[in-house]
Amino acid sequence: MALRSILIDVVLLDSSGVKGFDGPVVNDLNDVEFKRAVMERSKTKIVLADGSKLHISGTMSYCDWGDVNALITSADADRKKLEKIRKATKVIFA
């Protein structure tokens, strides 16, 4: 079934890292294309990235932080490194 025929209420997306980009990143072109397509079909978009991802860069960003409804990260995430992200989207500590 083609992805364009599916409507998604909530999507949870992972990230290889966030350092040096204005959004979550991955290292695989197929992953970028899939995540972008899923985001287009989703009402609510949530990125999951533990605190260690704040120190890791990647190859390609699949969206801007303003395109997601929230970032869920670990309680030990560096608050200072999250300042820029918090200006664009909600940050939830788990």
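Is Lys43 exposed or buried, judged by its relative accessibility? At 60% relative accessibility, Lys43 counts as exposed. The cut-offs are over 50% for exposed, under 20% for buried and partly exposed in between (relative accessible area, 1.4 Å probe, protein chains only).

This is a predicted model, in which local features need pLDDT of at least 70 and side-chain atom pairs count only at pLDDT 80 or more, while totals for chains, interfaces and linings use all residues. Residues are numbered from 1 along each chain as its sequence is written, and side-chain values use heavy atoms, leaving out hydrogens and water.

**View 1. The chain as a whole has two helices and six strands.** Their order from the N terminus is β-β-α-β-β-β-α-β. Helices (H or I, at least four residues) and strands (E, at least two) are DSSP runs, numbered from the N terminus. The radius of gyration is 13 Å, close to the 12 Å of the globule rule for 94 residues, so the chain is as compact as a globular protein of that length. That radius is taken over C-alpha atoms, and the rule is 2.2 Å times the number of residues to the power 0.38. Along its principal axes, the C-alpha trace spans about 40 × 25 × 20 Å. Of the 94 residues, 38% are buried. Among contacts between residues at least 6 apart in sequence, 64% join residues at least 24 apart. Contact here means heavy atoms within 4.5 Å.

**View 2. The largest nonpolar core holds 20 residues.** Tyr62, Trp65, Leu71, Leu82 and Ile85 touch the most other members. Strand S1 (8-14) and helix H1 (29-40) each supply at least two residues of this core. Such a core is a set of buried Ala, Val, Leu, Ile, Met, Phe, Trp, Tyr and Cys residues joined through side-chain atoms within 4.5 Å.

**View 3. Trp65 and its contacts beyond four places in sequence.** Trp65 is in contact with Val18, Phe21, Asp22, Gly23 and Pro24, among others. The list also includes Val47, Leu71, Ile85, Ala88 and Thr89.

**View 4. Lys43 and Asp9 meet in a salt bridge.** The N to O distance is 3.3 Å. Lys43 lies in strand S3 (residues 42-48) and Asp9 in strand S1, so the pair ties together parts that are 34 residues apart in sequence. The count for the model is four salt bridges, each a side-chain nitrogen of Lys or Arg within 4 Å of a carboxyl oxygen of Asp or Glu.

**View 5. Asp14, Asp31 and Lys35 are linked in a salt-bridge network.** Asp14 pairs with Lys35, with the closest N and O atoms 2.7 Å apart. This pair links distant parts of the chain, 21 residues apart: Asp14 is in strand S1 and Lys35 in helix H1. Asp31 and Lys35 meet at 2.8 Å, N to O. Asp31 and Lys35 are four residues apart in helix H1, so about one helical turn separates them. Lys35 is buried, at 5% relative accessible area. Asp14 is partly exposed at 45%, and so is Asp31 at 24%.

**View 6. Charged ends sit over the rings of Tyr62 and Phe93.** The charged end of Lys35 is 5.6 Å from the ring centre of Tyr62. Arg79 lies over the face of Phe93, at 3.7 Å from the ring centre. A charge counts as over a ring if NZ of Lys or CZ of Arg is within 6 Å of the ring centre and within 35 degrees of the ring normal.
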